Amino acid sequence: MNAREAAPLSMPEDSLPSTNALGSLKDSILHHICYTLGNDPFKPSKYSAFMGLAYSVRDHLIARWIKTQRALYDTLAKRVYFLSLEFLPGRFLKNNLISLQMEDEARRTMADLGFDLDELEEEEWDAGLGNGGLGRLASCYMDSIACRDLPGYGYGIRYDYGIFHQIIEDGYQREHADNWMRRGNAWEMQRRDHLMPVRFFGRTESYRDDEGRLRHRWVDGEVVMAMACDILVPGYGDEYVTNMRLWTAQSSREFNLEIFNQGDYAGAVQSKVLSENISKVLYPNDESTLGKELRLKQQYFFVAATLNDILRRYRKLNRSFADLPNFVAIQLNDTHPSIAIPELMRILMDEESLGWDESWTICEQTFAYTNHTVLPEALESWPVDLLGRLLPRHLEIIFEINQRFIDGLRNRFPDDAGLPARVSLIGEGSVKHVRMAHLAVVGSHSVNGVAALHSRILQQQLFRDFHNIFPDRIVNVTNGITPRRWLQQANPSLARLITSAIGPDWICDLDRLQELLPCAEDAAFRKQWIETKQENKRRLARYILRKIKLGVDPNTLFDVQVKRMHEYKRQLLNVLHVITLYNRIKAEPQGNFTPRTVIFAGKAAPAYHKAKLIIKLINCVANAVNSDPHVRGRLRVLFLPNYCVSQAEKIIPAADLSEQISTAGMEASGTGNMKMALNGALTIGTLDGANIEIMEAVGQDNIFVFGLSAAEVLAKRRDGYDPNHYYQQDEELKRTLDMIARGYFSPHEPTLFASIIRGLREEGDFYMLLADYRPYMQAQEEAGRLFADADQWARRSILNTARMGRFSSDRAVMEYAEHIWHVRPLVFR
């Protein structure tokens, strides 16, 4: 009999809870089960119990949120608005309980009601509001904004469906709809009286105002309503609560009654359906013209609603718009929200009747832009024809911004004739397009990269011309992660061990982890550290068995690469190592090999066929390895489907070796590297992104670094890189590639992976896997040898965790606050 079946009844069958929701947590839960959900609290289901608890926790959040909002108005604090097309918060229940310091009370209360809190948490689906690192970083920053009592809000879209739910069928990725809202969302508050009109299409017209000045206005077109949905974000252990305001699309008309009465029922609601598609799904496929239009609609939709909301709040202060930058800071999280720059210009000029120069000064002082990529395909651009049709007034403004900018450059740099074309906001290719990253750089007072190397690449390569034009504009703020989510919540056993050694202050001051350094030399503490890691590995092993019906040995080295599938992240290089190791074990059955379990997880974009083929290859290799008795007990390979935040919380605490092996110079920062190192994994990685700063922090002896540097990658490309040289010179590499090429892992379809081999040998190996193959093998051998010495591995693991303080998102947001936003923490009276 399980705990649920043996549980006592929640309350006497002939009574009902009080209509007053305040009081004890148990009373509040029963109240919401009865009066919010309309269910009988006599014997609630697991789902009802979860929802009752969630609503009860939200009650506590609302009370604190109201207090926070009153304090913000009372102090006239400058506010930060963090605009991001995606957030990836994961599940809310445990995070909110920990922040409110209610976890122990909730655990006792739910046990009294017959439920296990950890099992109850599984009732909650991950919020489908983001995809990968960009959205998870945004959520970490919202956590730290709240924890540091900064007057900030997040703004984005409340998608009905996440990017997709990944299924693996016959080794292939299949995408199913991620209907994360189908059972409702207890955490959001829909503001149905808070609707913002958003216009699309139409035309512009010019006129003279009462003073004879030439003015412009945007008229006609179609209007979609944006409804605000607030999700509350608590600080840790205090009264501060802020919110994400996410917009969902509502049609301005429910349906056409005349068409309905004529019998065309589908046609009667067509306008409503098309309007509400805007917030239907994260990142719709943009291969088609309609897909591109929908993506641009999404970006403008949330930007327009957000600016409307910001200015609504600002107008309450009764101050001139010249003061706006003293009360408002807007952070553009990547290029997606950069259409906000011409939108604010439109509002200031067309609706508030300000002149161009004053409007531009206000915009430039208000906006800041974070760049997250050096990949050319990820630097957004929109066809001029599409943008002009969808947002005609904005294209006019962008043309004017560009003309004034270029005219100024010709005066400042008369000897550089090519400069205007290189930095123009308009690209003049076969299809004229608007360069949104250029717009963001020109229209912001600050532009930042997200790791020291990344920021240098922005200054010296990607935005070199802009750095010459605006020498103080491009700065660095290295990314960070929240220790509340990624250590205290995800790894409670390790968090308890750390707290037992140094106290709890590290939770909000991660630099305090340095106090663990002496513990690395304590044999008894190292033993506890090893036991804690083993506990997490056993937990993950149970999850893997439940998820994909594959048993793994927790005593093996857990070699983990979990991240978005992309060629530059080089999951394929990891596969080459797996095949090489497989061959070595088969060739030398009695050899001294460190037993290893290689764990992959990550989603490929639906239209990214090469990345999806690599997933298939991983699964084919896994099938061959896992079914071969010659390597049993020594090598196991698996791909976990549907990687998400809640899955990461199970994998990361169990990782021994953290794979951060991107081509040097291509990863902006990475935060998975920080999460795993914080949880005691040792990193194997290239000199890329934040890996460099992690190496500087933990020491070169406590990380396995290999491969070309970013400068060496550029030099090889410049001087002529020949991947076949490595193929011919390295017998193990040759054998590994030939096995893939001749169908060893796909005997029923021998040429299945021919395009992968062709990309490596005949099409230039752009991501330089073959150049880095042998150094990677050597680094893996070094990692395997060290893991065999459990005590020494534990020592280095402790040193990794102890030196991760600088990678807290609390540090990152305070750098933004001081140097970019110019805001201070709110002080409650």
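## Aromatic pairs and helix packing

Phe525, Arg526, Trp529 and Ile530 of helix H23 are in contact with Ala790, Asp791, Ala794, Arg795, Ser797, Ile798 and Thr801 of helix H34. Keep in mind that this is a predicted model. Aromatic rings turn up a lot here too, with a count of 21 aromatic pairs. Here's a quick tour, starting with the helices and moving on to the rings.

**Helices that pack together**

- Two packed helices are described by the angle between their axes and the distance between the axes.
- H23 covers residues 523-548 and H34 covers residues 790-802; their axes sit 9 Å apart at an angle of about 85°. Angles of 65 to 115 degrees count as roughly perpendicular, so that's the label for H23 against H34.
- Helix H24 (residues 571-587) and H33 have axes that come within 10 Å and cross at roughly 55°. That angle makes H24 oblique to H33.
- On the H24 side, the contact is made by Leu572, Leu573, Asn574, Leu576, His577, Thr580 and Arg584. H33 brings Leu769, Tyr773, Arg774, Tyr776, Met777, Gln780 and Glu781 to that contact.
- As for handedness, H24 passes H33 in a right-handed crossing.

**Helix H2 and its cover**

- H2 runs over residues 25-36, and its buried residues are Leu25, Ser28, Ile29, Leu30, His31, His32, Ile33 and Cys34.
- Among the elements covering those buried residues are helix H3 (46-75) and helix H5 (103-112).
- After H2 comes Gly38, which has a positive phi, near 70°.

**Phe706 and Tyr776**

- Tyr776 shows up again as a ring partner: with Phe706 it forms a tilted aromatic pair, 5.0 Å centre to centre and with 40° between the planes.
- This pair links distant parts of the chain, with the two residues 70 apart. Phe706 is in the loop between strand E22 (704-705) and helix H29 (710-719), while Tyr776 belongs to helix H33 (residues 769-787).
- Both partners are tucked away: Phe706 counts as buried at 4% relative accessibility, and Tyr776 counts as buried at 0%.

**Phe92 and Trp187**

- One of the 21 aromatic pairs is Phe92 with Trp187, whose ring centres are 6.2 Å apart; the planes are at 50°, so the pair is tilted.
- Phe92 has a relative accessible area of 7%, so it is buried. Trp187 is buried as well, with a value of 3%.

- Tyr81, Tyr153, Tyr155 and Trp247 are joined into a cluster by ring pairs.
- Trp247 is part of strand E9 (residues 241-251), and at 0% relative accessibility it counts as buried.
- If you'd like a sense of scale, Trp247 and Lys547 are 300 residues apart in sequence and 34 Å apart in space, C-alpha to C-alpha.

**Lysines over rings**

- Lys537 lies over the face of Phe558, 4.7 Å from the ring centre.
- Lys603 does likewise with Phe164, lying over its face at 5.2 Å from the ring centre.

Conventions. Residues are numbered from 1 along each chain as its sequence is written. This is a predicted model: local features need pLDDT of at least 70, side-chain atom pairs count only at pLDDT 80 or more; totals for chains, interfaces and linings use all residues. Side-chain values use heavy atoms; hydrogens and water are left out. Rings of Phe, Tyr and Trp (its six-membered ring) pair if their centres lie within 6.5 Å; planes under 30 degrees apart count as stacked, over 60 as edge-to-face and the rest as tilted. Buried means under 20% relative accessible area, exposed over 50%, partly exposed in between (1.4 Å probe, protein chains only). Helices (H or I, at least four residues) and strands (E, at least two) are DSSP runs, numbered from the N terminus. A charge sits over a ring if NZ of Lys or CZ of Arg is within 6 Å of the ring centre and within 35 degrees of the ring normal. Contact means heavy atoms within 4.5 Å. Axes are lines fitted to C-alpha atoms, for helices over the stretch in contact, and angles run from 0 to 180 degrees between N-to-C directions. Angles under 35 degrees count as roughly parallel, over 145 as roughly antiparallel, 65 to 115 as roughly perpendicular and the rest as oblique. A crossing is left-handed if the near helix is turned anticlockwise from the far one by less than a right angle, and right-handed if clockwise.
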